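Please find below a note for a colleague who is looking at this model for the first time.

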Amino acid sequence: MITEEREEAEGWKDLKEKNKDKLPPFAIGEGEKDCNLFSGKWVWDESSRPLYEESECPYLLPQVTCQEHGRPDKDYLYWRWQPSDCLIPRFNASLMLENLRGKRMMFVGDSLNRGQFRSMVCLLHKVIPNEAKSLHKIDSFTIFTAKDYNATIEFYWAPFLLESNADHPGKHRVPDRIVRKDSIDTHGKHWKGVDIMVFNTYIWWMSGRTFKILNGTFDDNIKDIADVPTDDAYRMGIENLLRWIKQNMDPKRNRVFFTSMSPSHAWSKEWGGDPNGNCYNETKMIEDPNYWGSDSRKSIMQIIGEEFGKSKVPITFLNITQLSMPRRDAHTSIYKERWGPLNPEEKANPSSYADCIHWCLPGLQDVWNELLFAKLFYP
């Protein structure tokens, strides 16, 4: 497989040269016309899934290693996403690394984007010799380095993208979340010079109907904090992001992606299940193709659609929301560490302690990266 990947990667240069005047940066070909990669169905596939083994990737965090933490079933590992009208290009780690030579790729956002970052590292590291790769943390950065390629894949912790009281990468569990108005440059100064950006922000905003916005700075003796509707606060964050991209990213050299909201499955009553249940012990997908969950998710998607629709900044939208919506089976549930291993009492109380936000790896987020790969090289 690795040999095939390298042969395929070596053939991309001629194709890229041929198409360089009509395609965006990093693209080597065009995707199939009239194909929506994000509309399709899940297909059982034991021949090609999972894309890597949990035990073979040393870069996974204990928050996502479900098999290591006792998950008894494995069916969630074998589902492949199949678009209705086309095929997703096979993920090619050698091709990805060759195109990243001398460049930086960065995931910016919350722990869900960190999961996608870790998935990407696991997909790439298998073709890199042990002595030619490393991963280290510096403040808000986690940096994976492919030394022979002079390339980095990075994650930057910024759950709101804007400056907030939850910006410490290790100490961010705050009861009252506060975001400073129009403060994208606080973090944005660390993103300059990156070649491929993958942003997300959603789940941290969902703390109620209103959200606390700081006018001024966190150093002010008397802080001017206003409660605004959560939708308005989120819209302000997206407007800030679009402004930063317009001012700092060159569409002739850079590519920018935004991953849409990742669905949670904390209330099984939403899909007609136990009123007191959640994703725990769910091993099958939700069968209703029109299932959407709570109305708050629709309003956030509407805001994203409106703001991105008004913007002239070239951004590739990774619409993973609806395709991920059925996957109640793919969450970490109680099969993880939650600031430390779950004790027996916590494991026996899944209604309170099951994590129905984050995803097991390998698993669903590998599919998100397959779609990212497709849009990067075959937009």
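1. Helices (DSSP runs of H or I, at least four residues) and strands (runs of E, at least two) are numbered from the N terminus. The model is a predicted one, in which local features need pLDDT of at least 70 and side-chain atom pairs count only at pLDDT 80 or more, while totals for chains, interfaces and linings use all residues. Residues are numbered from 1 along each chain as its sequence is written, and side-chain values use heavy atoms, with hydrogens and water left out.

2. An unreviewed UniProt entry places the feature "domain: Trichome birefringence-like N-terminal" at residues 34-86; such annotations may be inferred rather than shown by experiment, feature names are shortened, and positions follow the numbering used here. Over residues 34-86 the chain is 0% helix and 19% strand, with its end C-alpha atoms 9 Å apart.

3. With a disulfide taken as a pair of cysteine sulfur atoms within 2.5 Å, the count comes to 4 disulfides. When the bonded cysteines are numbered in sequence order, they pair as 1-4, 2-5, 3-8 and 6-7.

4. Cys35 is joined to Cys86 by a disulfide, S to S 1.7 Å. Cys35 sits in the loop between helix 2 (12-19) and strand 1 (40-44), and Cys86 in the loop between strand 2 (79-83) and helix 3 (93-99), 51 residues apart. Both Cys35 and Cys86 are buried (under 20% relative accessible area, where exposed is over 50% and partly exposed in between, with a 1.4 Å probe and protein chains only).

5. Cys279 and Cys356 form a disulfide, S to S 2.1 Å. Cys279 lies in the loop between strand 11 (255-259) and helix 7 (295-310) and Cys356 in strand 14, so this pair ties together parts 77 residues apart in sequence.
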